[in-house]
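Subject: Structure for you to look at, with notes

Dear colleague,

I am handing over a structure that I would like you to open beside these notes. Please read slowly and check each point against the picture as you go.

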Amino acid sequence: MTFRLATLVVLFSGIWLLWSGYFEPLLLSLGAVSVAITIWLSLRMQLLDRESAPLHLTWRFLLYVPWLLREILLANWAVIGLIIRGRGAISPRWVVVDGRQHHDETLAILANSITLTPGTVTVDVAGRTLLVHAVDAAAADGLLSDDMNRRVAALEVD
Amino acid sequence: METAALILDILSWALLLIGSAACVLAGIGLHRFPDVYSRTHASGVSDTLGVLAILTGLLLQAPSFGVGIKLLMVLGFLWISGPTATHALVQAAWIRGIEPVLGAGPDPFHRDEDGDNTEEVQ
């Protein structure tokens with residue numbers, strides 16, 4: 001908890017400095033007040049838990065992003081092809097994905113990754129099972145290969 | 001120095017054009033695809049490639065470090081809020097009882113208890 005709090009103070013201060021770009025005493029003290037109020041509000045709203053501030057995932061997540069980016073670009077290429085060929089080219093279908101994740105925050109990362117990738121959209125969730133709408137067989141097969149599911153599960157430390 | 005700036009400009013313009021083309025194609029897809037679920041796949045192209053290419057193109061034109069950081073933050077926010085909004089939209093449609101137009105094969109999730117599905121297809 002103390003570690004999470006300290007990390008967030010450093011993080012918020014860093015973000016404030018990056019966004020303002022001013023280093024006069026008045027503006028710096030206003031920034032310190034903003035950070036203090038933000039932390040206080042987050043504590044009051046009980047937002048400083050592992051789910052809303054998943055700091056434990058940071059480094060693994062940063063390694064996951066380049067892979068996701070590649071997947072998204074490839075999926076974009078495929079969906080653009082479908083758009084050009086028109087309605088007859090698509091063959092929408094349901095895909096059921098059983099999340100290998102043990103925590104809600106990583107399951108949310110999987111669901112959001114699926115939605116972020118064009119061609120697949122997470123429609124509903126029940127327990128650890130995601131209901132996904134896929135635009136054609138290729139998009140569905142990509143999901144059924146379980147590659148993304150495995151990689152997101154590997155983000156988990158415990 | 002001159003040629004470096006020129007290469008940067010060409011790269012930046014190429015990215016801006018790619019992003020604009022992605023957004024136009026997403027718009028065409030919105031009209032071509034048959035239902036709300038498949039249309040979200042088309043809009044995904046502007047949400048991801050459109051946003052990525054246009055913001056990267058602008059990043060190459062950023063006059064200062066501060067502006068560049070803000071553009072990267074905008075990219076991060078849009079890539080998180082985009083799928084969240086898309087999911088909210090399709091889940092609302094699903095809960096409302098709108099059935100998707102599927103390709104060949106059976107539909108294991110078809111719900112027929114609700115007769116007033118307001119699909120705007122065909």
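A residue is called buried if 20 or more other C-beta atoms lie within 10 Å of its own, exposed if 12 or fewer do, and partly exposed in between, with the C-beta atoms placed from the backbone. By that rule, 27% of the 158 residues of chain A count as buried, and for the 122 residues of chain B the share is 27%.

Before going further, please note that this is a predicted model, in which local features need pLDDT of at least 70 and side-chain atom pairs count only at pLDDT 80 or more, while totals for chains, interfaces and linings use all residues. Residues are numbered from 1 along each chain as its sequence is written, and chains are lettered from A and ligands numbered from 1 in the order in which they are written.

Chain A

Helices (H or I, at least four residues) and strands (E, at least two) are DSSP runs, numbered from the N terminus. Chain A has six helices and three strands, and from the N terminus on they follow the order α-α-α-β-α-β-β-α-α. The domain assignment, which is of the automatic or database kind, gives domain 1 (2-44) and domain 2 (57-153) in chain A, and the centres of these two domains, taken over C-alpha atoms, are separated by 35 Å. The radius of gyration, taken over C-alpha atoms, is compared here with a globule rule of 2.2 Å times the number of residues to the power 0.38; a compact globule of 158 residues would come out near 15 Å, but chain A has 20 Å.

Which helix of chain A holds Ile84(A)? Ile84(A) belongs to α3 (residues 58-85), and this residue is exposed because 12 other C-beta atoms lie within 10 Å.

Chain B

Chain B has three helices and zero strands. Its C-alpha atoms fill a box of roughly 70 × 25 × 20 Å along the principal axes, and its radius of gyration is 20 Å, whereas a compact globule of 122 residues would have one near 14 Å. The expected span of a helix is 1.5 Å times one less than its number of residues, so the 31 residues of α1(B) should span 45 Å, which agrees with the 45 Å between its end C-alpha atoms. The buried residues of this helix are Leu15(B), Gly19(B), Ala22(B), Leu25(B), Ala26(B) and Gly29(B), and they pack against α3 of chain A together with α2 of chain B.

Where the chains meet

Two residues are in contact if their C-beta atoms, placed from the backbone, lie within 7 Å. On this basis, 35 residues of chain B are in contact with 27 residues of chain A. The largest share of the side of chain B that touches chain A, twelve residues, is supplied by α3(B).

A nonpolar core is a set of buried Ala, Val, Leu, Ile, Met, Phe, Trp, Tyr and Cys residues joined through C-beta atoms within 7 Å. The largest such core has 43 residues, of which Val79(A), Leu110(A), Ile114(A), Val132(A), Leu143(A) and Val45(B) touch the most other members, and α2(B) gives the most to this core, with nine residues. Leaving aside neighbours within four places in sequence, Leu110(A) is in contact with Gly99(A), Gln101(A), Met148(A), Asn149(A) and Val152(A).

With kind regards
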